[in-house]
Amino acid sequence: MSDRSIIFFLVCMIILLLAVVFYQQFIFNKGIQTKLKRISEKLRDILEKDNDEKVMVFTDNKILMDLSGQINRMLLDRQKIKADYRKQENVSKKMLANISHDIKTPLTVILGYLEIMRMGNEEDETLQKVEAKAKQVMELINQFFTLAKLEAGDVNIEITKININELCRERILDFYQLLLQKEFTVDISIPEQDFFVQGDKESIDRILNNLLSNAIRYGSDGNYIGLFLWEEKGFIYIDIVDKGKGIEKEFAASVFERLYTMDDSRNRQIQGNGLGLTIARNLARQMGGDILLESEPHIKTVFTVKLKKILY
């Protein structure tokens, strides 16, 4: 064999060995990438579903084993933080409920004395103002008490079969005289076919009253109110619509937070306490539904009550 042939043979062997090494490295890296992808997908699934699962990886690679161990350690710490938060939140809610209840008792006594003082002094403007303010405080305390009980799970919501068509007609009629006085254009669409939902009648009453009064209060410059009842995919929807100043997108999520009030709340003529929508959404969710919001200022603002439909 000539020298040239030997060199050619050696070069071919070296190339073959390099090819084998690169192939093995490729397979190894591909296996690592696959396992890393599975870890990433599992971690994303845990975070999105907010469950207490752990990341499991079957490998002999010490780095991957250590990585999964550290991830599970962080997930365990996250679970402990969540548990502590829930515990403190429950304590706070029960404390708020107790405080609200304790404040109501002396305030009721104060209102009683004010009523007695007003007897024979009906024209006393000072007493009238004091009594009005005391009643506002009592209303606020009642709202706090209701919300605290709802969040603490102490409210008995009785789920029954409710004719929502009839209930919507009753609630809009409650505001009929007020809407006439304010010269509102009223647009109502309630199907003749009866729809039935599962819910608590008192809770749905409260939700509709809150949304209708808000539409009149904050949408007064649009002089329009609409109530539309419709169904879709096993749910019943009630749209309460106004054409007032509306809610900017950056504030849309905030309206359901405790004590959040629109700028107009500084105006005493349309003052709110910032708890009504919080209570309304809480009630809707406890009945398996929700309250949704879409708003385009000065064009259309829609609060939608979503309730579970009964199919029989």
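**View 1. Packing of helix 7 in the predicted model.** The buried residues of helix 7 pack against helix 3 (125-151), helix 6 (201-218), strand 6 (290-296) and strand 7 (300-308), where helices (H or I, at least four residues) and strands (E, at least two) are DSSP runs numbered from the N terminus. Helix 7, which spans residues 276-286, is mostly covered, with nine of its eleven residues buried, and buried here means under 20% relative accessible area, exposed over 50% and partly exposed in between (1.4 Å probe, protein chains only). The buried residues are G276, L277, T278, I279, A280, R281, N282, L283 and A284. Helix 7 is followed by G288, whose phi is positive, near 85°.

Residues are numbered from 1 along each chain as its sequence is written, and side-chain values use heavy atoms, with hydrogens and water left out. Because this is a predicted model, local features need pLDDT of at least 70 and side-chain atom pairs count only at pLDDT 80 or more, whereas totals for chains, interfaces and linings use all residues.

View 2. D242 lies in strand 5, which covers residues 235-242. D242 is buried yet has no salt bridge, and the nearest side chain of opposite charge, that of K243, is 9.8 Å away; a salt bridge is taken as a side-chain nitrogen of Lys or Arg within 4 Å of a carboxyl oxygen of Asp or Glu, and for charge Lys and Arg count as positive and Asp and Glu as negative, with His and the chain ends not counted. The side chain of D242 reaches the backbone nitrogen of G244 at 2.9 Å. Leaving aside neighbours within four places in sequence, D242 is in contact (heavy atoms within 4.5 Å) with A215, G219, Y224, K300 and T301.

**View 3. Confidence along the chain.** The mean pLDDT, the predictor's confidence in each residue from 0 to 100, is 80 for the chain, and 83% of the residues reach 70 or more. Among the elements of the chain, strand 5 has the highest mean pLDDT (95) and helix 1 (residues 3-49) the lowest (68). Over residues 264-271 the pLDDT is below 50, although this stretch has ten contacts in the model beyond near neighbours in sequence. Where pLDDT is low, the predicted coordinates should not be read in detail.

**View 4. The fold as context for the close-ups.** The secondary structure of the chain comes to seven helices and seven strands. Of the 312 residues of the chain, 35% count as buried.

Key. A polar contact is a pair of N or O atoms within 3.5 Å; within protein, one must be able to donate a hydrogen and the other to accept it, and residues adjacent in sequence count only if both atoms are side-chain atoms.
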